[in-house]
Amino acid sequence: MQQLKVALIQTSIIWESPKENRLRYEEKLKTIDEPVDLIIFPEMFTTGFTMNAMQVAEAAQGETINWLKTKAQEMNTAICGSIVIRENNKYYNRFLFAYLDGSIEKYDKRHTFTLAGEDKVYEAGKERKTINYKGWRICPQICYDLRFPVWARNIDNYDLLLYVANWPKPRINAWDVLLKARAIENMAYCIGVNRVGVDTNGYEYPGHSGIYDVLGNELVFSKKEEILIVNLDKEHMNRYRNKLKFLSDRDSFTLV
């Protein structure tokens, strides 16, 4: 499949209320009036970026996962984002990718955000993930992962690097710059989906969700609550990879 149509859900999030948030997303999904291949929610899209894991965590087969499976089947599209998961008496900031058939792939956030104490609440992931979907290789990462280029380095020829986030206003310039840098250095499409609004702790989130191509060109960008729909073209990516061949000169290393 040479093209992949993606929908970015840039939205405010009701604090620590999975049920209310799912209902809001239900209404937003109804406004998507064209077929899409992938719908992307922000980080912790049912709760906001909370450290109250014990109060909001869901089981590995909980209500939101079942909801994602149902929506993927109903809308005939994959849906993804991260939520708080409890598994084996540990808590995870877990990215979930629901396929059309209802199956799920997961990625646990590798770099827990020490400034907010996330490292004291959530278990850090140990495995990088590449998701194969409709002929596209997708590398999912979460928020703070964006600051660590080695973890994102394109050593397995992925086509799309995907970040979901709750990235606050004071450091939003870093978000913009690093998304573009990750696209350029990895010669891949790079998507960042951030939230908007103010959370209960008073942190403001300005959006800035966007998509960048292999040359770092901005395909879409937004600061307001809305759904952004863009068609990604693999032929465009391959043309510049074959012409410039920068990935052929990348360093060889092993992630541990």
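Two strands are taken to pair if DSSP finds at least two bridges between them. In this predicted model, strand E13 (residues 209-212) and strand E14 (residues 218-222) are joined by 4 bridges and run antiparallel.

**The E13-E14 hairpin**

- E13 and E14 form a hairpin that has 5 residues between the two strands.
- Within the turn of this hairpin, Gly216 has a positive phi of about 85°.
- Gly210 stands opposite Phe221, a residue of E14.

**Helix H1**

- Helix H1 comprises residues 18-30, 13 residues in number. The distance from its first C-alpha to its last is 18 Å, close to the 18 Å expected at 1.5 Å a residue.
- Pro18, Asn21, Arg22, Tyr25, Lys28 and Leu29 are the buried residues of H1. They lie on the same side of H1, because the arc they cover around the axis is only 115°.
- An α-helix has 3.6 residues a turn, so residues three or four places apart point the same way.
- Lys19, Leu23 and Lys30, on the other side of H1, are exposed.
- The cover over the buried residues of H1 includes strands E1 (3-10), E2 (38-40), E3 (58-59) and E15 (226-233), together with helix H3 (63-75).

**Helix H3**

- H3 has 13 residues, which at 1.5 Å a residue should span 18 Å; the end C-alpha atoms are 18 Å apart, in agreement with that value.
- The residues Thr64, Ile65, Trp67, Leu68, Lys71 and Ala72 of H3 are buried. Their arc around the axis is only 155°, which puts them on the same side of H3.
- Glu63 and Glu74 are exposed on the other side of H3.
- Among the elements covering the buried residues of H3 are H1, E3, E4, strand E5 (90-98) and strand E6 (104-108).
- Asn76 follows H3 and has a positive phi, near 55°.

- Glu58 is found in strand E3. With a relative accessible area of 10%, Glu58 is buried, since buried means under 20%.
- Leaving out residues up to four places away in sequence, Glu58 touches Pro18, Arg22, Thr46, Glu63, Thr64, Ile65, Ile83, Val84, Ile85 and Arg86. One of these, Glu63, is exposed on H3, whereas Pro18 and Arg22 are buried residues of H1.
- Gly81 lies in strand E4 (residues 78-87) and counts as buried at 0% relative accessibility.
- Apart from neighbours within four places in sequence, the contacts of Gly81 are Phe41, Pro42, Phe45, Arg94, Phe95 and Leu96.
- Gly81 and Phe45 are separated by 36 residues in sequence, yet their C-alpha atoms are 6.7 Å apart.

**Aromatic rings and charges**

- The count of aromatic pairs, with ring centres required to lie within 6.5 Å, comes to 12.
- The pair of Phe41 and Phe45 is tilted, because the ring centres are 4.7 Å apart and the planes stand at 35°. Both of these residues are buried.
- Phe97 and Tyr99 form an edge-to-face pair, with 5.0 Å centre to centre and 65° between the planes. Phe97 and Tyr99 are both buried.
- One aromatic cluster is formed by Tyr25, Phe41, Phe45 and Trp67. Tyr25 belongs to the buried residues of H1, and Trp67 is buried in H3.
- The charged end of Arg94 sits over the ring of Tyr92, at 4.9 Å from its centre.
- The charged end of Arg110 sits over the ring of Trp151, at 4.8 Å from its centre.

- Most residues other than glycine have a negative phi.
- Glu16, which is not a glycine, has a positive phi of about 50°. Glu16 is placed in the loop between E1 and H1 and counts as partly exposed at 24% relative accessibility.
- Cys143 also is a residue other than glycine with a positive phi, near 40°. Cys143 is found in the loop between strand E8 (136-142) and helix H5 (149-152), and at 8% relative accessibility Cys143 counts as buried.

Key. Residues are numbered from 1 along each chain as its sequence is written. This is a predicted model: local features need pLDDT of at least 70, side-chain atom pairs count only at pLDDT 80 or more; totals for chains, interfaces and linings use all residues. Side-chain values use heavy atoms; hydrogens and water are left out. Buried means under 20% relative accessible area, exposed over 50%, partly exposed in between (1.4 Å probe, protein chains only). Contact means heavy atoms within 4.5 Å. Rings of Phe, Tyr and Trp (its six-membered ring) pair if their centres lie within 6.5 Å; planes under 30 degrees apart count as stacked, over 60 as edge-to-face and the rest as tilted. A charge sits over a ring if NZ of Lys or CZ of Arg is within 6 Å of the ring centre and within 35 degrees of the ring normal. The expected span of a helix is 1.5 Å times one less than its number of residues. The arc is that of the directions from the helix axis to the C-beta atoms.
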